[in-house]
Amino acid sequence: MNSGKTSLAVAALRNGTVIDQIPSASLFKAARILDIESATTAVTIGNNLPSKKLGSKGIIKVADTTYAEDTLNRIALIAPAAKVNVIRDYAVVEKRQVRLPDTIVGLVRCANPKCITNNEPMKTRFDVVDRNDVTLRCCYCGQDVKAADAIIE
Amino acid sequence: MNQNSLVSISDISREEILHILDVAAYFERNPNHKLLDGKVVATLFFEPSTRTRLSFETAVNRLAGRVIGFSDAATTSSSKGETLKDTIKMVSNYVDLIIMRHYLEGAARYATEVTDTPIINAGDGAHQHPSQTMLDLYSIRKTQGTLKDQTITLVGDLKYGRTVHSLIMAMKYFNPTFRFVACNELQMPEVYKQFCRDNGIAFSEHTDFSSDVINSSDIIYMTRVQRERFTDIDEYERVKNIYTLNASMLQDAKENMRILHPLPRVNEIAQDVDDDPHAYYFDQARNGLYVRQALICRALGIDILK
């Protein structure tokens, strides 16, 4: 009985999407990218769960919801190793890794206060200039920002 | 977005750079043409700049175009809170070309995205000022006969100076050797040094503005060291005169060497240099007119050499 309780740290999902392998420190950023706050179906969030790969990980389960690929790929910015599982009837029907897009529109705020994007009602746009070190470059003012330091709008 | 817009020097290729310089050389020989007859050009200067605005407006006038615009954002609707987008969209209805300077970085790139009218960036904050870079290239080619294999010494504020950064980027096609002469606080940023390494450009760094450096240079590019750039005012007081060029330092300079400066200068070039044959900064400013004539023609799809 006891072991059954502890092994299910996060409740199983009947239908929906699971985003796994999120670094613990990035969990709430990932939740913001998915706009979890506006979700109306059941959401389960776990954090600081043991992970062989990451040491400590976060996980997000959203019932009865699927996300566009573009939306999920934006998570790669802060969780490059995140895995997406689409669940139907308790079974994984689709499994994939998020992939960082070449350009990121309207997600990250430019750190340069003199950048036009911080002074006009407009969307930001960044090119990914280094995939290993995840570095973005503002398409307007040219300033670089590391994903780890990026301010999510 | 109009493909003829010019926001950054990196928007144009080596061949296009050379072609623009050829067109500028043509305008130096024949400055007056009725190429813009019936055309209206807007000069939108959200930030004041006497030299750049006057040379662009002179360029339009010498090509027989007409100019509208403003030289200070305080007199426009942007002071009432109008967005840049709205100002650009509105002005686009009236003119064939917009030449703009803005205090915000990336403003020109954004402007190209909201209109089909061509835009020439005449400076956006500390970011880009491609017509300045083109006139620097023109001055180097004119005084040295070529852009290739030049030894170029950049002196002064290498940290914040956008002109020196853009010059490095534009010179990547022409196998230059750079010397960076600056105090510790105003060294060339790592990103531009990495750019040099990535593009096989030789460079060395110096804190001394020594006679060795001066005497082996083909071009000495001076920039203004501004007091407000220093976090440590004592450091400013220590270095402000170290990077001042005076005529006695030029005795053993190469005959072909020329001194460039984007202007305005304050005290980094002594007045006694003005009469030295190596001084070229006032001619450099005049070259800005021909280069801007060439850039205006490019933006409007006019090729006078065809």
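This short talk walks through a predicted model, from its nonpolar core to its chain and domain contacts.

Hi everyone! First, some housekeeping. Residues count from 1 along each chain as its sequence is written, and chains are lettered from A, with ligands numbered from 1, in the order in which they are written. Since the model is predicted, local features need pLDDT of at least 70 and side-chain atom pairs count only at pLDDT 80 or more, while totals for chains, interfaces and linings use all residues.

Let's start inside. A nonpolar core is a set of buried Ala, Val, Leu, Ile, Met, Phe, Trp, Tyr and Cys residues joined through C-beta atoms within 7 Å; buried means 20 or more other C-beta atoms within 10 Å of a residue's own, with C-beta atoms placed from the backbone. The largest core here has 116 residues, and A30(A), I75(A) and Y221(B) have the most contacts inside it.

What does I75(A) touch, leaving out residues up to four places away in sequence? The answer is I19(A), A30(A), I33(A), A82(A) and V98(A), where contact means C-beta atoms, placed from the backbone, within 7 Å.

Now, the domains. Chain A has domain 1 (2-97) and domain 2 (103-152), with bounds from an automatic or database domain assignment. Their centres, taken over C-alpha atoms, are 26 Å apart. Seven residues from domain 1 and six from domain 2 make the contact. On the domain 1 side, helix α2 (residues 27-33) of chain A provides the largest share, three residues.

Terms used. A residue is buried if 20 or more other C-beta atoms lie within 10 Å of its own, exposed if 12 or fewer, and partly exposed in between; C-beta atoms are placed from the backbone. Two residues are in contact if their C-beta atoms, placed from the backbone, lie within 7 Å. Helices (H or I, at least four residues) and strands (E, at least two) are DSSP runs, numbered from the N terminus.
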